[in-house]
Amino acid sequence: MTCPVCSEVLDFEVKSEGGPVVGPPEKIACSSCKYEATNTSSFFDLTILPSEAIDPSSQLGPSVLDAFSELAQGQAKSGEASKASSSSYRERNWSVSQLFQSPVISYVYERGWRQGFDWAGFPGADEEFEIVNRLYEETRVCDPADSEAVLDVSCGTGLFSRKFLKSGKWGTVVASDYSENMLNQAYDFLTKEEGTSPAAEAEGSSLMLVRADVGRLPFESKTFDLVHAGAAIHCWPTPSMGISEICRVLKPGGRLIGSTFLLSASPLGQRLGNDALVKPFFELEKEFSGGLLPGLTGRSYRFWSEDELRSLCELCGLENFKVERENRFIMFCATKPAPRSKDKSDAEV
C-alpha cells in the first residue's frame, strides 16, 4: 500500500486475526512526507482526511456550537494565531457521500436497502457475482497468475468482498470504502455474524479492509488483476478521477467490472435497439437531476447511459468495453491494455 499524500510505498507490519482478515497496525507513518494515520482495530485508514474531519451535517450548527464551546473553555487565545491541527479543518461531502457515512444506512444496507435495487433490474447479489465471474473469464487476455488480487472498491458492507473471499479463487482480496461505518459493518459481517465460515472455504486467501478515497487510491500501480465497483460509480463525486485511478492500479490486462443504474429512458432505448433515439430524454433527466433547483437542493445520484460509461472508460485508458444490461441495471467491463507480444505484432505485420 502507498501513502495517500505522496504515493510512496508504506512500510509496516500487519497483524494476524487468526483467519483471512488481515489486521492493521495501530499507526502507519510515511518516511517521505511524514504523513501519519491512526488505524482502527478493523481496517486501515489511508485517506488524507481523517473521518472526524468530514462534516456529516449540511448545516453550520454543530461547527458554530463547537467554536463557542472552545471559547467558553478558554481554548481560543485572543490575539494569537491558532496552531493548525488535524481537528481544525472540516470538509463537507456532497449529499450522497454524506448519506453513506450514516451508521443507520450501513446497518440497513444488507438488511433490505441493497435488495431494493430489484426495482431497477438488479438481479440480486448471487446472480450479479456470476456475471462478474463470467465477464472476467470471457475477457481474459493474459494467462492467469498463480495468485490473483482483487480490489472491491466502494465495497460498502463487504457484500461482494465476502463472495470473492469465499470463492477461494483470489489470493488477495482488498475491500475499500470511504465510509468508516460501512467498513465497521463489513468487519462485523466478516468476523462476528458470519463467524469463520469464509475462512474455512478460503484457505490461503487474505482480506484487508481499507478506508480509501476512490479518487486517490493508496495502492501501487499495476497491483490488481480485477477492480470491482458494484453499484458504486453513481455515488462518486468525480467519476473520471475514480476510473483513472482504477486504471493505474490495474495490472496490464486487468479488468474493471462495475454495476450501476442507467438513466430512466434506457429501457426504451434498449427496446428500440438504439439508445441514440432517446438521447433527448437522457439530457433532460441529467439537466434536472438533483431537483428543479439543484443549486439549492444539492446533488443527487448520477445515473448513466451506456455510451457515457463507454466513453469515460476509454478516456481513462481502458478498452474492450462490454456490458450486460436489463431494465435500468448495467454491468460493464473494461480492460487495461496489455503489452502485445513481439511474435504477435510481427505476425500481424
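## Asp275 and its contacts

Leaving aside neighbours within four places in sequence, Asp275 touches Ser266, Gly269, Gln270, Phe282, Glu306 and Arg325, where contact means heavy atoms within 4.5 Å. Asp275 sits in the loop between α9 and α10 (279-287). Asp275 counts as buried because its relative accessible area is 17%; buried means under 20% relative accessible area, exposed over 50%, and partly exposed in between (1.4 Å probe, protein chains only).

## Basis of the model

This is a predicted model, in which local features need pLDDT of at least 70 and side-chain atom pairs count only at pLDDT 80 or more, while totals for chains, interfaces and linings use all residues. Residues are numbered from 1 along each chain as its sequence is written, and side-chain values use heavy atoms, with hydrogens and water left out.

## The chain as a whole

The chain has 13 helices and 14 strands. Helices (H or I, at least four residues) and strands (E, at least two) are DSSP runs, numbered from the N terminus. Of the 349 residues, 45% count as buried. Among contacts with a separation of 6 or more, 71% are between residues 24 or more positions apart.

The accessible surface of the chain is about 18000 Å², and 52% of this belongs to carbon and sulfur atoms. Accessible areas come from the Shrake-Rupley method with a 1.4 Å probe; for residues, only the protein chains shown count as cover.

## The open sheet and strand β8

An open sheet of 8 strands runs in the order β5-β10-β9-β8-β11-β12-β14-β13, with mixed pairing. Its edge strands are β5 (44-45) and β13 (319-326), each of which pairs on one side only. Two strands pair if DSSP finds at least two bridges between them.

Strand β8 (149-153) pairs in the parallel sense with strand β9 (residues 172-177) over 5 bridges, and Ala149 stands opposite Thr172 in β9. β8 also pairs in the parallel sense with β11 over 3 bridges, with Val150 opposite Leu226 in β11. Together, β8, helix α5 (residues 159-167) and β9 make a right-handed β-α-β unit. A crossover is right-handed if, with the strands pointing away from the viewer, the path from the first strand over the helix to the second runs clockwise.

In a regular strand the side chains alternate between the two faces of the sheet. In β8, Ala149, Leu151 and Val153 point one way, Val150 and Asp152 point the other way, and all are buried. Because 5 of the 5 residues of β8 are buried, the strand is largely enclosed by the rest of the structure.

## Helices α8 and α12

Helix α8 (residues 239-249) has Pro239, Gly242, Ile243, Glu245, Ile246, Cys247 and Val249 as its buried residues. The cover over these residues includes β8, β11 (224-229), β12 (250-261) and α12 (306-315).

Arg310 is found in helix α12. Arg310 is partly exposed, as its relative accessible area is 29%. Arg310 and Val323 are 13 residues apart along the chain, and their C-alpha atoms are separated by 9.3 Å.

## A nonpolar surface patch

Leu268, Leu272 and Leu277 form a nonpolar patch on the surface, with about 290 Å² of accessible area together. Patches are made of residues with over 30% relative accessible area and no salt bridge; like charges are joined within 9 Å, and nonpolar side chains (Val, Leu, Ile, Met, Phe, Trp, Tyr) within 5 Å. A salt bridge is a side-chain nitrogen of Lys or Arg within 4 Å of a carboxyl oxygen of Asp or Glu. Leu268 belongs to helix α9 (residues 266-272), and its relative accessibility of 42% makes Leu268 partly exposed.
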